[in-house]
Amino acid sequence: MDPKAVKSDLVLILDFGSQYTHLITRRIRFLSIFSLCISGTSPLSSIISLNPKVVILSGGPHSVHSDDSPSFADGFVEWALSNGVFVLGICYGLQLIVQRLGGEVRVGEKQEYGRMEIEVEKSCGIFGGKRVGDRQVVWMSHGDEAATLPNGFEVVARSQQGAVAAVEDRERRFYGLQYHPEVTHSPKGMETLRYFLFDVCGVNAGWKMEDVMDEEIKVINDMVKPDDHVICALSGGVDSTVAATLVHKAIGDRLHCVFVDNGLLRYKERERVMETVERDLHLPVTCVDATDQFLSKLKGVVDPEMKRKIIGKEFICIFDAFAQELEHKLGKKPAFLVQGTLYPDVIESCPPPGSGRTHSHTIKSHHNVGGLPKDMKLKLIEPLKLLFKDEVRQLGRILRVPEPFLKRHPFPGPGLAVRVLGDVTESNALDILRQVDEIFIQSIKDAGIYDSIWQAFAVFLPIKSVGVQGDQRTHSHVVALRAVTSQDGMTADWFNFEHKFLDDVARKICNSVRGVNRVVQDITSKPPSTIEWE
């Protein structure tokens with residue numbers, strides 16, 4: 001998708017490492033405004049090429065006093081001033097503006113973390129819709145503070161401790177908030193962002209999924225020549241299914257879907273996916289059984305990153321072989337591979353600056369991003385890579401993908417390999433996990449709470465515990481249950497089941513699955529944990 005083709009002004013986020021940066025992007029898109037997030041240290045040429053109307057400098061864990069603290073490119077301020085671009089700094093972004101424009105930032109006498117009340121001192125600019133003296137609760141997270149403002153700036157709000165909470169230079173179109181308006185802990189944060197973008201900046205909203213679909217179809221048709229053929233890696237999940245349906249709408253039967261049974265699928269996943277794809281979606285799909293190929297390569301591997309790399313490489317080997325078969329059949333080898341890469345995949349695989357790496361600290365390599373070999377022969381088509389999960393579901397509804405399919409919980413590309421901690425081939429770990437997972441998910445569906453949960457699954461732990469079953473001592477496996485709520489998968493809270501539900505599920509698992517005598521629940525949010533265990 002070409003950002004320039006979107007019928008909306010672009011709000012560009014420069015990411016300096018805040019765990020909330022992706023939320024800014026989400027909140028702005030919620031206002032039907034197109035928003036993108038790129039590294040805060042991106043070259044000025046990259047920023048200029050995107051032609052944003054507004055640039056937001058995100059927060060981050062750094063101090064502007066550190067020698068290695070990240071900053072925007074040289075010439076950014078001059079470019080913004082000469083082109084009438086609005087700039088908003090949030091938290092670290094505010095401090096960066098103050099320092100780079102000639103003010104002073106120093107360690108605060110009192111650090112401010114968590115909920116804090118601020119008071120409006122001037123009813124203008126970003127608080128033009130407020131009155132002097134108006135108060136609101138916001139979410140603070142800073143140790144440094146703006147001590148002396150650059151020429152032309154003024155304080156428009158302060159915290160209850162007297163620290164600068166909001167600043168602006170309306171003539172030069174530079175604004176700053178010391179708090180995080182994008183989080184739900186700032187109840188009026190969305191109201192502030194909405195007022196800033198529409199009333200202060202005059203942004204035109206026009207971000208619609210219908211336009212995204214039309215633009216993506218155009219991009220695909222421009223990329224794929226009339227006699228080219230395309231392979232789609234169909235996993236049966238929402239992402240690859242919507243991607244396949246979109247590409248099929250663009251090029252028809254020149255799309256060839258391949259579903260790979262890698263031996264790491266859930267209970268009866270192969271049969272269920274093939275039936276749905278053929279019956280409801282009418283997509284051309286070939287099923288390849290590569291169980292032995294994958295499991296033989298994974299034997300003895302315990303490192304999760306290595307698992308992902310191996311699985312990614314084997315997938316590509318299969319796709320290359322499938323492409324060769326098609327070449328014999330069609331007389332022309334397919335040139336493209338479709339993948340359902342999403343924006344969170346891209347963000348998590350290329351994290352923020354300031355860590356001494358080319359990108360930020362990598363949380364994990366995604367099968368769609370970091371697990372593919374550099375010598376891959378097929379060119380990638382990733383029509384969803386700028387979309388979040390809920391936006392993909394919106395697009396799927398427009399494409400008439402069946403609703404039950406769109407509501408399926410996310411399933412990782414490496415499959416159960418990242419839900420069996422350790423060697424996936426040891427003992428009968430995969431069979432045990434499949435049975436446990438099926439009981440857990442079916443129980444959730446029977447309880448009528450499946451759609452209230454973002455993702456639920458079981459994890460096979462590499463430990464055994466002592467138990468008593470049938471009046472006999474047992475030394476059997478331990479499994480964990482994980483269920484979370486989320487909007488986009490970037491942050492998540494654990495789902496609070498009723499105790500009776502957990503009791504029933506644990507009893508059912510221990511009574512039905514041979515080799516399991518203990519069930520535990522994961523009650524960790526993201527952050528600090530990721531949703532998947534590996």
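Two strands are taken to pair if DSSP finds at least two bridges between them, and helices (H or I, at least four residues) and strands (E, at least two) are DSSP runs numbered from the N terminus. The structure described here is a predicted model, in which local features need pLDDT of at least 70 and side-chain atom pairs count only at pLDDT 80 or more, while totals for chains, interfaces and linings use all residues. Residues are numbered from 1 along each chain as its sequence is written, and side-chain values use heavy atoms, with hydrogens and water left out.

Under these criteria, five strands form an open sheet with parallel pairing, in the order E12-E11-E10-E13-E14. Strand E12 (285-289) and strand E14 (379-381) each have a single partner strand and stand at the edges, so one side of each is left without a neighbour in the sheet. From one strand to the next, the twist averages 30°. Within the sheet, strand E10 (residues 230-233) and strand E11 (residues 255-261) run parallel and are joined by four bridges, and Ala233 stands opposite Val258 in E11. Helix H10 (residues 304-330) lies across E10, E11, E12 and strand E13 (336-338) and runs at about 140° to E11; such angles run from 0 to 180 degrees between N-to-C directions, the axes being lines fitted to C-alpha atoms, for helices over the stretch in contact, where contact means heavy atoms within 4.5 Å.

The packing of the interior was examined through nonpolar cores, each a set of buried Ala, Val, Leu, Ile, Met, Phe, Trp, Tyr and Cys residues joined through side-chain atoms within 4.5 Å. Buried here means under 20% relative accessible area, exposed over 50%, and partly exposed in between (1.4 Å probe, protein chains only). The largest nonpolar core holds 114 residues, of which Leu14, Phe76 and Phe127 touch the most other members. Helix H7 (residues 238-251) supplies the largest share of this core, eight residues. A second, separate core of 52 residues includes Phe319, Ala323, Ala483 and Phe501. When residues up to four places away in sequence are not counted, the residues that Phe127 touches include Ile118, Val120, Val156, Leu177 and Tyr179.

Aromatic pairs were defined by ring centres within 6.5 Å for Phe, Tyr and Trp (its six-membered ring), with planes under 30 degrees apart counted as stacked, over 60 as edge-to-face and the rest as tilted. A search of the whole structure finds ten such pairs. Phe16 and Tyr92 form a tilted pair, with 5.7 Å from centre to centre and 55° between the planes. Because Phe16 lies in the loop between strand E1 (10-15) and H1, and Tyr92 in helix H4 (residues 92-100), the pair ties together parts that are 76 residues apart in sequence. Phe16 counts as buried at 0% relative accessibility, and Tyr92 counts as buried at 1%. Elsewhere, ring pairs link Phe440, Phe495, Phe497 and Phe501 into a cluster.

Helix H1 (residues 21-30) is mostly covered, since nine of its ten residues are buried, among them Arg26, Arg27 and Arg29. H1 is followed by Ser32, whose phi is positive, near 65°. Arg26 and Arg29 are also in contact with Glu391, as are Trp207, Met209 and Leu386, when neighbours of Glu391 within four places in sequence are left aside. Glu391 has its place in helix H12 (residues 389-398) and, at 3% relative accessibility, counts as buried. The side chain of Glu391 reaches the backbone nitrogen of Phe388 at 2.8 Å, where a polar contact is a pair of N or O atoms within 3.5 Å; within protein, one must be able to donate a hydrogen and the other to accept it, and residues adjacent in sequence count only if both atoms are side-chain atoms.

Several backbone features were also noted. Arg173, in the loop between strand E8 (164-169) and strand E9 (174-177), has a positive phi of about 65° although it is not a glycine, and Arg173 counts as partly exposed at 32% relative accessibility. His282, in the loop between helix H8 (269-281) and E12, likewise is not a glycine and has a positive phi of about 55°; His282 is exposed, with a relative accessible area of 57%. In the segment after strand E18 (516-521), which holds Pro527, a cis peptide bond joins Lys526 and Pro527 with omega about -10°, and a cis peptide bond with omega about 15° joins Pro527 and Pro528.
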